[in-house]
2 protein chains.
Amino acid sequence: MSLNPNASIEITAFRWVPEFAQGLVRDLRARWALEEAGLDYRVRLLDQERPPEYLLEQPFDQVPCFSDGKIKIFETGAIVQYVGEQSEALLPRDPQGKYRAIQWTYAALNSVEPAFINLLLIDRFFTNEEWAKLRRPGAVDFAKLKLKRVSEWLGDKEWLEGRFTIGDLVMTTTLRFLRHTDLVAEIPNLAAYLKRAEDRPAFKQALSDQVASYAANQPQEEGVAA
Amino acid sequence: MSLNPNASIEITAFRWVPEFAQGLVRDLRARWALEEAGLDYRVRLLDQERPPEYLLEQPFDQVPCFSDGKIKIFETGAIVQYVGEQSEALLPRDPQGKYRAIQWTYAALNSVEPAFINLLLIDRFFTNEEWAKLRRPGAVDFAKLKLKRVSEWLGDKEWLEGRFTIGDLVMTTTLRFLRHTDLVAEIPNLAAYLKRAEDRPAFKQALSDQVASYAANQPQEEGVAA
């Protein structure tokens with residue numbers, strides 16, 4: 001358990017989000033990295049309506065932000081990489097191993113995630129829009145192509161580059177954006193890869209701490225939760 | 001001029017691409033970073049039909065790949081960061097300056113680029129699809145929101161964090177994905193920011209070298225170019 005109100009590391013997270021987003025919000029990646037590295041951290045919880053001045057910390061109005069007294073940054077890719085620099089459990093020290101891991105972090109966020117988020121938005125936000133109904137088959141095909149590429153690379157390896165790194169942390173949390181579909185389950189080596197990641201004690205702790213906050217801050221009125 | 005057939009650094013690029021993609025293909029980012037760092041490089045040109053074994057180098061079948069005898073990686077974010085580690089002109093040395101730059105590199109690729117690529121695909125690939133016509137206004141609004149966020153952060157600063165870094169290199173090449181629209185031109189501080197970037201000698205050299213290859217390898221048949 002690395003949650004510690006007196007920790008020097010602080011991340012931002014949401015006090016509460018609707019159920020479809022619980023376990024997907026990106027502070028999960030920062031929490032998981034911190035757990036893998038064995039670093040204590042505290043959480044600054046934000047309401048869904050962020051104060052306008054939050055844009056000075058996070059120009060895209062998202063979570064998480066990260067600070068540790070030495071640096072203050074946003075973007076989960078940068079945060080997990082920074083945490084990785086402090087723990088060989090997340091980021092190898094040799095240049096090739098280090099940059100292969102960083103490469104997969106970028107690949108997950110730029111070459112894979114947009115296809116999955118696109119499908120998630122179609123299925124969760126734009127469900128009743130005519131364009132979404134027309135576009136969905138193509139969006140599924142595009143997500144499937146990305147999954148095929150990752151699956152073929154992974155083959156029978158345990159992790160993308162043999163050993164667990166920040167690249168796997170970001171890639172597997174990216175695969176979770178498809179949890180409302182069977183697309184990952186349909187590809188045995190990817191399903192097993194995701195399960196290996198989600199079985200890690202550090203992941204379980206991170207997820208449990210994220211959803212504990214939502215459970216404690218569940219809105220009282222039905223209307224707000226809808 | 002840093003193109004050098006005997007250089008130890010090699011990147012991959014396309015021999016030729018259709019005109020709408022010329023000046024947008026992502027090896028431009030690697031070339032620009034190498035020019036800023038003053039590093040010689042050579043280019044391995046690929047046909048539009050890549051051999052199947054290229055997937056072993058680049059699992060998403062994209063360009064560029066990068067190798068220098070020490071490491072071998074793909075993904076432009078990772079490549080510009082690695083080149084940045086070798087040149088303070090691209091990446092500050094103090095931890096805060098370094099990670100603010102890395103954060104903007106991730107932000108450009110994950111929080112901004114997907115919205116622009118989405119609009120580019122709607123306008124260039126899916127133009128005649130019914131869903132694309134219905135979706136376009138919403139896609140424009142989403143791209144505008146991203147531009148507003150970057151514009152508000154930039155304010156009257158010259159670069160995102162005051163001085164030029166890999167974050168600006170990746171963000172401004174991301175803005176170029178909207179060059180078929182007036183969306184950037186409509187926001188004076190972003191238009192000036194993009195112009196500052198494109199006026200850098202290293203950018204001009206990189207762009208000129210990229211398109212020189214396309215000009216030299218223009219397909220003979222009209223049908224192929226269409």
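Which residues of H1(B) are buried? In this predicted model, the buried residues of H1(B) are Asp27(B), Leu28(B), Arg29(B), Ala30(B), Arg31(B), Trp32(B), Ala33(B), Leu34(B), Glu35(B), Glu36(B) and Ala37(B).

## Helix H1 of chain B

Helix H1 of chain B, which spans residues 27-37, is mostly covered, with 11 of its 11 residues buried. Just after H1(B), Gly38(B) takes a positive phi of about 70°.

## The nonpolar core

The largest nonpolar core has 116 residues, and those with the most contacts inside it are Ala33(A) and Ala33(B). From chain B, this core draws at least three residues from each of two domains, namely domain 1 (10-89 + 202-217) and domain 2 (95-200).

In chain A, leaving aside residues up to four places away in sequence, Ala33(A) touches Val80(A), Val83(A), Gly84(A), Leu90(A), Ile166(A) and Leu169(A).

## Thr172 in helix H5 of chain A

Thr172(A) lies in helix H5 of chain A, which covers residues 166-175. Because 25 other C-beta atoms lie within 10 Å, Thr172(A) is buried, the threshold for that class being 20 or more.

Not counting residues up to four places away in sequence, Thr172(A) touches Tyr193(A), Leu194(A) and Ala197(A). For one of these, Leu194(A), the C-alpha atom is separated from that of Thr172(A) by 5.7 Å, although the two residues are 22 residues apart along the chain.

## The interface between the chains

Between the two chains, 32 residues of chain A are in contact with 32 residues of chain B. On the side of chain A that touches chain B, strand E4 (72-74) and the helices H2 (76-85), H3 (95-124) and H4 (130-154) each supply at least two residues, and the largest share, 13 residues, comes from H3(A). By residue type, this side of chain A divides into 18 nonpolar, 6 polar and 8 charged residues.

## Relation of the two copies

Chain A is superposed on chain B by a rotation of 180° with 0.0 Å of shift along its axis, at an RMSD of 0.0 Å. The two copies are therefore related as by a two-fold rotation axis. Of the residues of chain A, Trp131(A) comes closest to the rotation axis, its C-alpha atom being at 2.1 Å. The same surface serves both copies, since 100% of the contact residues of chain A recur in chain B.

Conventions
Residues numbered from 1 in each chain as written. Chains lettered and ligands numbered in written order. Predicted model: local features only at pLDDT ≥ 70, side-chain atom pairs only at ≥ 80, totals over all residues. Contact = placed C-beta atoms within 7 Å. Helix = DSSP H or I, 4+ residues; strand = E, 2+ residues; numbered from the N terminus. Nonpolar A, V, L, I, M, F, W, Y, C, P; charged D, E, K, R; others polar. Core = buried A, V, L, I, M, F, W, Y, C linked by C-beta atoms within 7 Å. Buried ≥ 20, exposed ≤ 12 C-beta atoms within 10 Å, placed from the backbone. Domains from an automatic or database assignment. Least-squares fit on C-alpha atoms with pLDDT ≥ 70 in both.
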